[in-house]
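The following note sets out numbered points for a colleague to check against the model. Please read each point with the sequence and structure in view.

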Amino acid sequence: MDSIQIRDLEVYCHHGVLKEENVLGQKFLVSLTLYMDTRLSGISDDLSKSIDYAEVSHFVKREMEKKNFKLIEAVAEHLARAILLTFPKIEKIRVEIKKPWAPILLPLDTVSVCIEREWQKVYLSVGSNMGDREKHLQDAMDALQKIPSIRVRQISDWIETEPYGYTEQDMFLNGAVELETIEPPEVLLQLLQKIEQEGKRERKIHWGPRTIDLDIIFYGDVVMQTEELILPHREMHKREFVLKPLCAIAPWVSHPVYHRTVSELLEELNRTTGKQEEMP
């Protein structure tokens, strides 16, 4: 990926654990690598199609002077997030913050923290089978689009499907969503659960009726398993109500464990269940 680099920008501010650091302040050196596609700006010689590094530099200075942090880890995290949210052309950022005057009572050059953050591509499965199903789904989409750290890119058409697992319940409306987020998987899960709670989601019966259901299917190529979250979704390849709408918006996306695309997984599921439906 192309990049624009800013090296050792000097900013005088008041970050640190010690009281003297907060009162007297000290010099920090900030280095940024801004990952983006520079092709259009390179061909057109047009600054509006690129990133103005002077604007970014002044933005960094303002953000670092706005609030005092104890840890330079917190400063780096704050800067990375603020820059990604403010400059939409930047897809990924590397932030390094050096502290030349670190108070450790030993000779040194600098102490530094370096982090990388980026917009991650995520796919969700969404569903509802209680009350006004379409309204529940639309309310959830509206709530997603109001979160600054989430950019909704595509929403599939809604399809009606049979209930899965617990069958003594009404038909579902299901769909798929493509989004980008700078939130890590665990934080994204918390945000989705909050939307479910606001939509009056109740978890009384496993696979039971629900006003709104928001599941993370893919989070980039991340493979993980915790008590709260398994990625990719471990049952997605067995569920037509997940694969069919997902295939409509992202048939080429490859499962990072099974190494098959969504369209291939849907074809395999149809063969297994004896269905001969056309791919979306």
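1. Helices α7 and α8 cross in a left-handed manner; a crossing is left-handed if the near helix is turned anticlockwise from the far one by less than a right angle, and right-handed if clockwise. Helix α7 covers residues 240-249 and helix α8 residues 262-273, and the two pack at an angle of about 140 degrees with their axes 9 Å apart. That angle makes α7 oblique to α8, given that angles under 35 degrees count as roughly parallel, over 145 as roughly antiparallel, 65 to 115 as roughly perpendicular and the rest as oblique. Axes are lines fitted to C-alpha atoms, for helices over the stretch in contact, and the angles run from 0 to 180 degrees between N-to-C directions. From α7, residues E240, L243, K244, L246 and C247 meet V262, S263, L265, L266, L269 and N270 of α8; contact means heavy atoms within 4.5 Å. C247 counts as buried, at 2% relative accessibility.

2. On the basis of the note: this is a predicted model, in which local features need pLDDT of at least 70 and side-chain atom pairs count only at pLDDT 80 or more, while totals for chains, interfaces and linings use all residues. Residues are numbered from 1 along each chain as its sequence is written, and side-chain values use heavy atoms, with hydrogens and water left out.

3. On the chain as a whole: it has eight helices and eleven strands, where helices (H or I, at least four residues) and strands (E, at least two) are DSSP runs numbered from the N terminus. The C-alpha trace spans about 70 × 50 × 30 Å along its principal axes. Of the 280 residues, 45% count as buried; buried means under 20% relative accessible area, exposed over 50%, and partly exposed in between (1.4 Å probe, protein chains only). Among contacts between residues at least 6 apart in sequence, 64% join residues at least 24 apart.

4. Which residues touch the most other members of the largest nonpolar core? They are L32, L34, M64 and V95, in a core of 32 residues. A nonpolar core is a set of buried Ala, Val, Leu, Ile, Met, Phe, Trp, Tyr and Cys residues joined through side-chain atoms within 4.5 Å. Two or more residues each are given to this core by β1 (3-13), β2 (26-35), α3 (53-66), α4 (72-86), β3 (92-99) and β4 (111-118). The largest share, eight residues, comes from α4. A second, separate core of 24 residues includes I150, L179, I195 and L229.

5. Helices α3 and α4 have their axes 10 Å apart and pack at an angle of about 135 degrees, which makes α3 oblique to α4. Their crossing is right-handed. In this pairing, F59, V60, E63 and M64 of α3 meet V75, H78, L79, A82, I83 and T86 of α4. E63 is buried, with a relative accessible area of 9%. Apart from neighbours within four places in sequence, E63 is in contact with H78, L79 and A82.

6. E183 lies in the loop between β8 (172-181) and α6 (185-198) and is buried, with a relative accessible area of 7%. Its contacts, leaving aside neighbours within four places in sequence, are R81, S149, L188, L191 and Y219. R151, in strand β6 (residues 150-155), is also buried, with a relative accessible area of 18%. R151 touches P88, W119, E178, L179 and E180, not counting residues up to four places away in sequence.

7. The count of disulfides is zero, a disulfide being a pair of cysteine sulfur atoms within 2.5 Å. For C114, the nearest cysteine sulfur is that of C13, 18 Å away. C114 counts as partly exposed, at 37% relative accessibility.

8. Most residues other than glycine have a negative phi, and most peptide bonds are trans. The peptide bond from L231 to P232 is cis, with omega near -10 degrees, and P232 is in the loop between β11 (230-231) and α7. D8, in strand β1, has a positive phi near 55 degrees. H259 has a positive phi of about 55 degrees; H259 lies in the loop between α7 and α8 and is exposed, with a relative accessible area of 60%.
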